[in-house]
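Here are some exercises to work through with the model open beside you. Try each task on your own before you read its solution.

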Amino acid sequence: MTTTATTTTTTEPGLSPFTIAGRTFQSRLFVGTGKYTDFPTMQAALDASGSEVVTVAVRRERLYNDRGESLLDHLDTARYTILPNTAGCFSAEDAVRVARLGRELLDQMGNAGASWVKLEVLGDKKTLLPDPVGTLEATRELVADGFQVLCYSSDDPISAARIKDAGAASVMPAGSPIGSGQGVLNPNNIVLCLEALKRGDPTYPVIVDAGVGAASDVSQAMELGADGVLLNTAIAHAREPVMMAHAMRKACEAGRQSYLSGRIEKKLYATASSPFEGAIGYIPGE
Amino acid sequence: MDITVNAKPHSLSEGTTLADLIRELGLADAPCAAEVNQTLVPKRRHEQHPLSEGDVVELVTLVGGG
């Protein structure tokens, strides 16, 4: 008797790579590196998330205090595409300065993200909602300066379309305010953003950025047709960040597959899954 | 001469370059981007960039963020 070894390959239909700002990734989940209690937890969570793109912030060097550990000692810059943000900028001018500083840092490190920026021009410290005028000004200036602008936006489809027209490589509408954990508060607006941004340009990448609280929020954003989701706090501040990172990875994949599979229409009344024909009992109304 | 580095006053001897300042602060081997008076100075030009009285220098790095 001959035993033939068989190899079982698990195929996950629909989970094809996607391209954004000239680079192709398998994972559609982008994660932040902020707010972790320690770097080993961050490293384990990034690994578990399956993400290939991670966001970072640009901040002053601590010159006179003990510098302590550096993020860069704990981030495998050969593994991840580093996406520097302009978080904390409340004017187009500051955001452009920070973007250039971030690009300079990544140039020094030889990281693939070097011309990328996650542009945030904020309008208000309490809500961290974007300033639409400043966002547009900064997008134009950075695009002219050779940046690939991945732009944080509100979920207003008109603003989103203007940002795309200004040359952004991706528009990233917020599900809800940054760090709020409220999920996708206005799914209709996300759908309108997707329609506006993908009209005649179906591969234009749209990332839902901000507001995620739980894995179901990621699935929901992906089911609406987003190309990806960017999150930070929902993993970093979960009680078990590494387990949550696993959940987020699977939720992103599940949401993508659910979207591609074509969901059923919602109906007011029930539709039986088992046939009435042949049922042996009394059926009301028959 | 007196300059400002990351919003704090800093005294330097005349003729100090941006590269000298970065070395003095122990940042020569760290990824560190520099702005002088709100204009980026790429690393390849640090040695040739003399600092002047009243200059406002920003020295930044990458930290955790979302």
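## Exercise 1: the contact between the chains

The contact draws 27 residues from chain A and 21 residues from chain B, where two residues are in contact if their C-beta atoms, placed from the backbone, lie within 7 Å. This is a predicted model, in which local features need pLDDT of at least 70 and side-chain atom pairs count only at pLDDT 80 or more, while totals for chains, interfaces and linings use all residues. Residues are numbered from 1 along each chain as its sequence is written, and chains are lettered from A and ligands numbered from 1 in the order in which they are written.

**Task.** Which elements give two or more residues to the side of chain A that touches chain B?

**Solution.** 

1. Those elements are β4 (53–60) and α2 (92–109) of chain A; helices (H or I, at least four residues) and strands (E, at least two) are DSSP runs, numbered from the N terminus.
2. The largest share of this side, 7 residues, comes from α2(A).
3. Sorted by class, the side has 12 nonpolar, 8 polar and 7 charged residues. Here Ala, Val, Leu, Ile, Met, Phe, Trp, Tyr, Cys and Pro count as nonpolar, Asp, Glu, Lys and Arg as charged, and the others, Gly among them, as polar.
4. Now look at β4(A): 5 bridges join β4(A) to strand β5 (residues 56–64) of chain B, and the two run antiparallel. Strands pair if DSSP finds at least two bridges between them.

## Exercise 2: an open sheet in chain A

**Task.** What is the strand order of the open sheet of 3 strands in chain A, and is its pairing parallel or antiparallel?

**Solution.** 

1. The order is β6-β7-β8, with parallel pairing.
2. β6 (116–119) and β8 (170–173) of chain A are the edges, each with a single partner strand, so one side of each has no neighbour in the sheet.
3. From one strand to the next, the twist averages 15 degrees; axes are lines fitted to C-alpha atoms, for helices over the stretch in contact, and angles run from 0 to 180 degrees between N-to-C directions.
4. β6(A) pairs with strand β7 (residues 148–153) of chain A over 4 bridges, and V117(A) stands opposite V149(A).
5. On to the other pair: β7(A) and β8(A) are joined by 4 bridges, with S153(A) opposite P173(A).
6. β8(A) is covered on both faces, with S170(A) and M172(A) buried on one side and V171(A) and P173(A) buried on the other. A residue is buried if 20 or more other C-beta atoms, placed from the backbone, lie within 10 Å of its own, exposed if 12 or fewer, and partly exposed in between.

## Exercise 3: the helix on the sheet

**Task.** Which residues of α3(A) are buried, and against which elements do they pack?

**Solution.** 

1. Helix α3 (residues 132–144) of chain A packs on the sheet and touches β6 and β7 of chain A. Its direction makes about 170 degrees with that of β7(A).
2. The buried residues of α3(A) are G134(A), T135(A), L136(A), A138(A), T139(A) and L142(A).
3. They pack against α2, β6, β7 and α4 (157–165) of chain A.
4. After the helix comes G146(A), whose phi is positive, near 90 degrees.
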